[in-house]
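I opened this entry to go through the strands and the loops between them. Notes follow in the order I looked things up.

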Amino acid sequence: MEKIKPRLILIFICLPIIVFTQQQQLKVDYSAEYKLPLLKRMLKSTLPKSFTVYYTKNANRVEFENDFNILGKNIKMSGNEVNNYALKKTNSSIKFLIENDQDTIEQKLDTLITDTTSIISYTSEEKIILDIKCIGFVMENDESKTEGFLTTEFSAIGAIIKGKDYGLPMYLKEYQKKEKITQTLKIISIQKEPIKESYYIINE
């Protein structure tokens, strides 16, 4: 009987580890703050105060919810956006639960295009966030200017630039030039968990 080669034994030993790693997703929670121009400040209460983002090798999913009051009516808003780079599709959905009224759902399906023009520049700044060493970065284009701190300890496709993986942003401040709105995201927690394939399904 032919002996099993040492290299083959090593593959069998490592296989469960490889499979487990591939079946994980990264769950990240952020707090959100906003700075709006004077004429838009009344809309600040409608904006989500936190986000949960899930990352896999080829996709990400953003979830948010918020409660607010407009004209005496309580409104509950929840939504998600799925970016699946393997399918090259993006889908967003927002649901509004309006007091004493019908629910409203807004959905949008589109082609997901990788951003091949935007690039980030690293700064000399460093910061420790959640006991993780982070490096400063800046990115600017015609639409926005983004700066913050990221770590390459975790993969996070599309977190900063669509279709690109520069690592996980731990602190991010984005200024939208046209709307004159600044959004600041601060990381609250990071955890690895078994992947939920249903999170990244896009139904056409």
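Entry 1, a strand pair. I began with strand 2 (residues 50-55) and strand 3 (residues 59-70), which pair in the antiparallel sense over four bridges. I then looked for the partner of T52 and found that T52 is bridged to E63 in strand 3. The model is a predicted one, and I keep that in mind for the entries below.

I turned to strand 9, residues 144-151. Is strand 9 mostly covered or mostly open? I found it mostly covered, with six of its eight residues buried. I then checked the strands that pair with strand 9. Strand 8 and strand 9 run antiparallel and are joined by six bridges. A hairpin through three residues connects strand 8 to strand 9. Within this pairing I located I135, which stands opposite L150 of strand 9. For strand 9 and strand 10 I recorded eight bridges, and these two strands also run antiparallel. There I picked out G148, whose bridge partner in strand 10 is L172.

Most residues other than glycine have a negative phi. L130 is not a glycine, yet its phi is positive, about 50°. Where does L130 sit? I placed L130 in the loop between strand 7 (121-129) and strand 8 (132-140). I also looked up how open L130 is: its relative accessibility is 43%, so L130 counts as partly exposed. The cut-offs that matter here are under 20% for buried and over 50% for exposed.

K180 is another entry of this kind: K180 is not a glycine and has a positive phi of about 55°. I found K180 in the loop between strand 10 (168-176) and strand 11 (181-194).

I have L130 in the loop between strand 7 and strand 8, and K180 in the loop between strand 10 and strand 11. Strand 9 has bridges to strand 8 and to strand 10.

Definitions and conventions:
Residues are numbered from 1 along each chain as its sequence is written. This is a predicted model: local features need pLDDT of at least 70, side-chain atom pairs count only at pLDDT 80 or more; totals for chains, interfaces and linings use all residues. Side-chain values use heavy atoms; hydrogens and water are left out. Buried means under 20% relative accessible area, exposed over 50%, partly exposed in between (1.4 Å probe, protein chains only). Two strands pair if DSSP finds at least two bridges between them.
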